[in-house]
Amino acid sequence: MKQEYIITVFSENHIGLLSRITIIFTRRKINIDSLTVSESAISGVFKFTIVINETADRVQKVVGQLEKVVDVLKVFANTNDEMIYQEIALYKVSTEFLFESNDVEKIIRNSGARILEITREYVVIEKTGHSNETQQLFDELNSTYGVTQFIRSGRVAITRDTIERLSEFLKERDAMLEQVD
Amino acid sequence: MQCIQIVNRKLSNSKLIKKHKKEQNMATQRVSGSEAVILSLLEEGVDTIFGYPGGAIMPIYDALYDFDQQVTHYLTRHEQGAIHAAQGYAKVTGRPGVCFATSGPGATNLITGLADAMIDSIPVVCITGQVASPLLGTDAFQESDVVGITLPVTKWNYQVTSADEIPEAIAKAFYIASTGRPGPVLLDIAKDAQFAQFDFEYKKCTKIRSYVPEYPVDPFQVKAAAEIIDQAKKPLVLFGHGVIIAHAEAELKEFVEKTGIPAAWTLLGLSALPSDHSLNVGMLGMHGNYGPNIKTNEADVIIAVGMRFDDRVTGKVAAYARGAKIVHIEIDPAEINKIIKADAPVLGNAKKALRMLIDNVKPNSHTEWLNEFKECDRIEYEKVISHDLYPKKDGLTMGEVVRVASEKTNNDAILVTDVGQHQMIGSRYFKFKQSRSNVTSGGLGTMGYGLPAAMGAKIGKPNRTVISVSGDGGFQMTIQELGTISQYGVDLKIIVLNNNFLGMVRQWQQLFFEKRYSFTEMKNPDFVGIAKAYGLASQKVTSRDQLENAIQEMLDHKGPYVLEVVVEKEDNVFPMVPTGASVSDILLEP
């Protein structure tokens, strides 16, 4: 059965690595629903957060292939319920329409959104949440005022562990590799 | 004048080496990026390079000119020839093959070889020239995105844009190519980095934080595997390329002898166990032997060593070895459970894993089970092998040519095959005494591989007889390498099995496409004439009474020789597991 998985790839910071990682998905005709890349808590180690909709078996095989990439340190795959995750969305709405309505305060308050910028022409609203939540606000704003511009980020996710799993893993692996002559 | 130049060149060469040796202790010396490339290769023990120069790699070739005492460079006639030669060299020596090409078309001509080396786990280090770094991305003359193009077909690749990166990049390249599951790597070096001067210092690479070449073998996994093996009634060993890569031939032999388990090989595992070993039950897969295919589905335990359950081995996966517990000894974690679920995986190097397994299993024998294979052999001999090797019809068979070539070299030559019918026949009927004696394109099935790979194999093992067997189709895909063979006098024995057809495709058309021979018949040139034009000895054989003498003449000839043998036009390779069928449905005849 297919479901959403969050694949976290820890890697060195090398040019070309993004391609090397994404071709593993494209070769198997797996669509990447969301992709976020940034430096991790460990300096010099980068973290790719990749969301795909796949079966457990295919995910496991993709993880195996990702870990073969020379510059990849470690890969984790988790289901949504194993992680805490967020996305950020920005909405641009016409200032005129917004001023004419009485619901602005209610919508902003209920959705936990905030206003980033107000000009004479437009207002930029920001909301973080899961896709369905940012989508819900989009639908609401769009049907009431019309959204003139909308952007949603890729997903960022964090584990429920107390420390970064990678540092623990690297320590264990170094100890293990000592055994190999 | 010319003499003086040569003397000067030798002088400057020895001066540079001396300077290098002297300054090795002093840590650094000032050199150009191009000199650094050659000095780094020397540090890695490289003495053979296959390549083809061009604009963007000219500084490196210029540096190479001073090192003709240390390195032999073979100018191939096409970059594909260079990389296949490097592959053949790597396969017989176990050391990485090295290959040079220029930017743009030079580099793109390497792609097939890279893909071939990637899927067959062959260590190859390719160095390509690239346009100067300020020109990158400007569509400059002979610029192509080589790092981008080669991503999916390299184990690792890297673009060097600064001279001081060269030693470390080359050290990493050799380490990555040759450790763990080997594979091809490519370094793309911008022309300005080749010119720039810097302080050269070489340190071998022994560790990369993000890369685990092999995991230590887990004793618990070995114990679990040993328990399954000890209880087996009908066990079967399947061994592949991993045994040869890990130099685990002696361990494999000891393991099967201690346990008495029959052992079958994949195409790339061929020659790891001598052909005449009593426990060697033959070849797996689509055109493999009858016994190992049928018995795979009767076995209660399968011990797979250094092989990856390729679809040409398994046939229909859903019907493969259903009754067997699977022990899978494998260095690449991604291969375990990829195709066939392992009941007892043993992750790690085949040599170390087998050594530990030998110490954990009980001595045993499986005489009755082994006799069942002999019965299968008898059936296969009667239905197929006897007709292939000792035909009664007029036309020559590929099988008898291979048999004679094998016998006349005392079953101790290196066989290099191309791809197609002759490859299957060669693998089935050529006999081997030593490991690393079979070179062929397995995973990618690269027609045109054979001739250049054989050239590389002969250069890698000059003291052994190397026989290149190709079909008329594949031979013409890299026929230009006859020029290289002629120029350097590479003492190859080349057999072209000519049926004027793309035989394997024709066989499939006959069996599965109602004999609609769509574009498989070939009007061929006069191969003897071509060989002679290249200055090579050659003759053509059309009948059985000429065969033995012709092969003997070829073997006795000092230097390269091309023997064209005209074989039956429409012979088929059997047995055969049709695509999508189970290994137990292997056909002995159409």
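Just after helix 22 of chain B, B:E514 takes a positive phi of about 50 degrees. This is a predicted model. It scores ipTM 0.92 and pTM 0.94. The points below start with that helix, then turn to confidence and to chain A.

**Helix 22 of chain B**
- Helix 22 covers residues 503-512 of chain B.
- Its buried residues are B:G503, B:M504, B:R506 and B:Q507.
- Seen down the helix axis, these buried residues fall within an arc of 160 degrees, so they line one face of helix 22.
- An α-helix has 3.6 residues a turn, so residues three or four places apart point the same way.
- What do the buried residues of helix 22 pack against? They pack against helix 18 (421-429) and strand 17 (466-471), both of chain B.

**Confidence in chain B**
- The average pLDDT of chain B is 95.
- In chain B, 95% of the residues score at least 70.
- Residues 1-11 of chain B have a pLDDT below 50.
- Beyond near neighbours in sequence, that stretch has 2 contacts in the model.

**Shape and make-up of chain A**
- Chain A holds 6 helices and 9 strands.
- Its radius of gyration is 20 Å, well over the 16 Å that the globule rule gives for 181 residues, so chain A is more spread out than a compact globule.
- The C-alpha trace of chain A spans about 75 × 35 × 30 Å along its principal axes.
- Of the 181 residues in chain A, 24% are buried.
- Take the contacts in chain A between residues at least 6 apart in sequence: 76% of them join residues at least 24 apart.

Definitions and conventions
Residues are numbered from 1 along each chain as its sequence is written. Chains are lettered from A and ligands numbered from 1 in the order in which they are written. This is a predicted model: local features need pLDDT of at least 70, side-chain atom pairs count only at pLDDT 80 or more; totals for chains, interfaces and linings use all residues. pLDDT is the predictor's confidence in each residue, from 0 to 100. Two residues are in contact if their C-beta atoms, placed from the backbone, lie within 7 Å. Helices (H or I, at least four residues) and strands (E, at least two) are DSSP runs, numbered from the N terminus. The radius of gyration is taken over C-alpha atoms; the globule rule is 2.2 Å times the number of residues to the power 0.38. A residue is buried if 20 or more other C-beta atoms lie within 10 Å of its own, exposed if 12 or fewer, and partly exposed in between; C-beta atoms are placed from the backbone. The arc is that of the directions from the helix axis to the C-beta atoms.
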